[in-house]
Amino acid sequence: MYVAVKGGEAAIANAHRLLADRRRGDRDVPALTLEQIAGQLSLAVDRVMAEGSLYDPDLAALAVRQARGDLIEAIFLLRAYRTTLPRFGYAAPVDTGRMRIERRVSATYKDLPGGQLLGPTFDYTHRLLDPALAGDAPVEAPERRALAAVEDCPRVIDILDREGLIEGDGDPAGEPGDLTRDPVSYPVGRDLRLQALARADEGFTLALGYSTQRGYGRVHPFVGEVRIGLVDVEVEIPDLGFTVRIGAVRLTECQMVAQFKGSAEEPARFTRGYGLVFGQSERKAMAMSLVDRALRADEFGEERRAPAQDEEFVLEHGDNVQATGFVEHLKLPHYVDFQAELDLVRRLRAEAGQRRAERGEETR
Amino acid sequence: MIDEMETEGRRRAMGALACMPAGLLAQRYAEVTASAPPALAVRGPEVGLVMLRGRAGGGGAPFNLGEASVVRATVRLGSGEVGHAVILGRDTGRARMAAHLDALWQCPDWRVRIEAEVVAPGLAAEDEAVLDRAEETEATRVDFFTLVRGED
């Protein structure tokens, strides 16, 4: 027998009204503006754009506000929004070599061409809570320094590449797959792995990257370079047949240099992992580059033993919208499922009791 | 050759119109188009997405990085010139203005004026913003000092 249950409409409406009230909080305190969120919680906004896989700071700020600061909920909102829009086309691949650099550091060369530019970093802060920030004390304008000369900021990888000491970028041709359009079937190419990692949960990616450092996988890495800055976006206008600049986006790129690979035919050279993420997020970009390298195990004939080397494991569990959907669906009504299991447990117990009773009679 | 120069000039102008600060575009547009032939909407402005791409390792095979919101518009002048605009974000007014200016740019008598009064100030504003950021970043450059120990 199936019994349809209705009800809860009033409870749901009132719950949403309560949510709106709690989101707004004390009415004597001014409401947050989207400009405040985008401007002062910009790294939260960046994370929502990266994992929401939609570059739009204003929408991401709105999502953060609507989600009461629950970033995974905000990411969910952004993902849902993107499904309502048509896709006009594809941009030309960004040229990170021409990034307008806001931060750039290398752990492999101290005096590299272009230099070490710290930018707005948390590094070297003491991680002591600053009571002054509880108020609204005036903040100094940043220091400025005239540019000595228009100095090129070559990619660190290119320095090693000139000597043939590191693997190159590989063939620049090819049409990448798109996991938002086509079902994924394994094994997948690096293009799909990089797409999945770029939008994967930061915590998941971080934990996997960390696991490779602790021995679950074979990565012995150096940060060749991390760079953050603005890159131009160019698209082709179909009616015109040429590409035009349509704006710029802030990206974080990490070039991870990993241990060498060589053979009888080929001299040993460093291998690489790559990370590229929307916004300013070097933790995510670095973790992504570690996992990208770990996932290339087959290319280098490495044994695949650790979770970070298992592409199906990484790709199927890295998406926090999918993950939260499946975990959180457990709280939805499972009354009938549970009733069936309850009946089953009762029957099992009854049957066992009966068997015990029968055995008891036999032994007596 | 002339076609190539024309294409390059238009590319540069469209890029400038898309990337200049929205406030400056609106202000320049109002001034320049006060006496200009009006634009008829052909398509949009409409908001959609473009998929941004990166390259494995920075220079290798392309991969899909994630989408960005864009707004696009196509307009036509009474004399037949068709103007296009595609701009990151969702500001429909901006796309309409940029498309109108792109159409006008194709008219020889308007081109000089748009170049001088919109494109040039637009590129200058962009350069200035880039320089501001670059100089702030430059102040965070690490100057290493080498300590010499011993006699030689």
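User: What does A:Thr212 touch, not counting residues up to four places away in sequence?

Analyst: Leaving out residues up to four places away in sequence, A:Thr212 touches A:Gly217, A:Val219, A:Leu290, A:Ala294 and A:Ala308. Contact here means heavy atoms within 4.5 Å. Before we go on, some ground rules. This is a predicted model, in which local features need pLDDT of at least 70, side-chain atom pairs count only at pLDDT 80 or more, and totals for chains, interfaces and linings use all residues; side-chain values use heavy atoms, with hydrogens and water left out. Residues are numbered from 1 along each chain as its sequence is written, while chains are lettered from A and ligands numbered from 1 in the order in which they are written.

User: Why is A:Thr212 called buried?

Analyst: Its relative accessible area is 1%, and buried means under 20% (exposed is over 50%, partly exposed in between, with a 1.4 Å probe and protein chains only). A:Thr212 therefore counts as buried. The residue sits in helix α8 of chain A, residues 202-213; helices are DSSP runs of H or I with at least four residues, strands are E runs of at least two, and both are numbered from the N terminus. A:Pro307 lies 95 residues away in sequence, yet its C-alpha is 8.9 Å from that of A:Thr212.

User: What makes B:Thr33 buried, and where is its place in chain B?

Analyst: B:Thr33 has a relative accessible area of 13%, and therefore it too is buried. Its place is in the loop between α2 (22-32) and β1. Beyond residues up to four places away in sequence, B:Thr33 touches B:His100, B:Leu101 and B:Leu104. With B:Leu104, the C-alpha to C-alpha separation is 9.1 Å across 71 residues of sequence.

User: Is A:Tyr124 buried or exposed, and how do you know?

Analyst: A:Tyr124 has 65% relative accessibility, so it counts as exposed. This tyrosine is found in the loop between β3 (100-105) and α6 of chain A.

User: What makes the phi of A:Tyr124 worth a mention?

Analyst: Most residues other than glycine have a negative phi. A:Tyr124 is not a glycine, and its phi is positive, near 70°. A:Arg68 is another such case, with a positive phi of about 55°; it is found in the loop between α4 (57-66) and α5 (71-82) of chain A.

User: How do you know that the bond joining A:Tyr186 and A:Pro187 is cis?

Analyst: Omega for that bond is about 0°. A:Pro187 is in the loop between α6 (156-162) and α7 (190-198). Chain B has a cis bond from B:Gly44 to B:Pro45, with omega near 5°, and B:Pro45 lies in strand β1, residues 39-55. Most peptide bonds are trans.

User: Why is chain A called more spread out than a compact globule?

Analyst: Let's begin with its make-up: twelve helices and six strands. The radius of gyration of chain A is 27 Å, well over the 21 Å that the globule rule gives for 364 residues, so chain A is more spread out than a compact globule. That radius is taken over C-alpha atoms, and the rule is 2.2 Å times the number of residues to the power 0.38. Along the principal axes, the C-alpha trace of chain A spans about 95 × 70 × 55 Å. The domain assignment, automatic or from a database, gives domain 1 (9-82), domain 2 (96-120 + 145-169 + 184-324) and domain 3 (334-364). The C-alpha centres of domain 2 and domain 3 of chain A are 57 Å apart.

User: How does the radius of gyration of chain B stand against a compact globule of 152 residues?

Analyst: Chain B has 21 Å, whereas a compact globule of 152 residues would be near 15 Å. The C-alpha atoms of chain B fill a box of roughly 85 × 35 × 35 Å along the principal axes. Chain B has four helices and three strands, in the order α-α-β-β-β-α-α.

User: What share of the residues counts as buried in each chain?

Analyst: In chain B, 47% of the 152 residues are buried; in chain A, buried residues make up 37% of 364.
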